[in-house]
Amino acid sequence: MLIVPKADALTEPYWQGVKDGKLLLQNCRSCGLAWHPPTPICPACQAKNYVWRPASGRGTVYSFTVVHHAAHVAVARKVPYLVALVTLEEGPRVVSNILNCPAEQVQVGMPVTLTFQEISPGVVLPQFEAAQDLRT
């Protein structure tokens, strides 16, 4: 059993970007704010005038936890795993996993880079890894 995200009219550009290997953020044409998760209006100025732009893929770990007890059968085989709140270079924070990095090496403020992981055929999720210069 998988937990599979469902795209709707609002989130379809985001999920199509992920399938294409891009993390797209909504950017307000009125005030310039970039945000995530997708919403129909700018959270800062309430304008409905936005455009989707690719994120750089760079960020830093704002907070994280190591999950030792699976809250859902779909992730039971993955424990322990790292869940992080990542501050993107563009400003928004996203919840994601940290891959290919031992838990004891993850730190708040650690630079991370975007990667994509196919969790089942046709289902891709944005994930993060330690920035290249930190990998051993």
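**Close-up views of a predicted model**

**View 1. Pairing between β7 and β8.** L114 has F128 in β8 standing opposite. The model shown here and in the other views is predicted. Strand β8 covers residues 123-130 and pairs with β7 in the antiparallel sense, over eight bridges. Two residues lie between the strands of this hairpin, and G122 takes a positive phi near 80° there. Strands of a sheet pair through backbone hydrogen bonds, either parallel or antiparallel.

**View 2. Pairing between β4 and β7.** Strand β7 (residues 111-120) is also joined to β4 (residues 58-67), by three bridges. These two strands run antiparallel. V112 in β7 is the bridge partner of G59.

**View 3. An open sheet of three strands.** The strand order is β2-β1-β3, and the pairing is antiparallel. The edges are formed by β2 (34-35) and β3 (50-54), each of which pairs on one side only. Strand β1, residues 24-28, is joined to β2 by two bridges. At this pairing, N27 stands opposite A34 in β2.

View 4. Which cysteine sulfur is closest to that of C28? It is the sulfur of C45, at 3.6 Å, which is too far for a bond. The structure holds zero disulfides. C28 is buried, with a relative accessible area of 4%, whereas C45 is partly exposed at 33% relative accessibility.

**View 5. The largest pocket.** This pocket holds about 1000 Å³ of space. Its lining is made up of 37 residues, and those nearest the centre are V75, K78, N97, L125 and Q127. The elements that give two or more residues to the lining are α1 (12-19), β5 (81-88), β6 (93-99), β7 and β8. Strand β6 gives the largest share, six residues. By class, the lining of the largest pocket has 28 nonpolar, seven polar and two charged residues.

**View 6. The second largest pocket.** The volume of the second largest pocket is about 150 Å³. Among the residues lining this pocket are W15, Q16 and K19, together with G122, V123 and V124. Two or more lining residues come from each of α1 and β8, and the largest share, four residues, comes from α1. The lining of the second largest pocket divides into six nonpolar, two polar and two charged residues. G122, part of this lining, is the residue with the positive phi in the hairpin of β7 and β8.

Note on methods. Residues numbered from 1 in each chain as written. Predicted model: local features only at pLDDT ≥ 70, side-chain atom pairs only at ≥ 80, totals over all residues. Heavy atoms only, no water. Pairing = 2+ DSSP bridges. Disulfide = S-S within 2.5 Å. Buried < 20%, exposed > 50% of the residue type's maximum accessible area, 1.4 Å probe, protein only. 1 Å grid on protein atoms, 1.4 Å probe; cavity = no way out; pocket = protein on both sides within 12 Å on 5 of 7 lines; lining within 4 Å. Points joined across faces, edges and corners; volume = space filled by probe spheres on them. Nonpolar A, V, L, I, M, F, W, Y, C, P; charged D, E, K, R; others polar.
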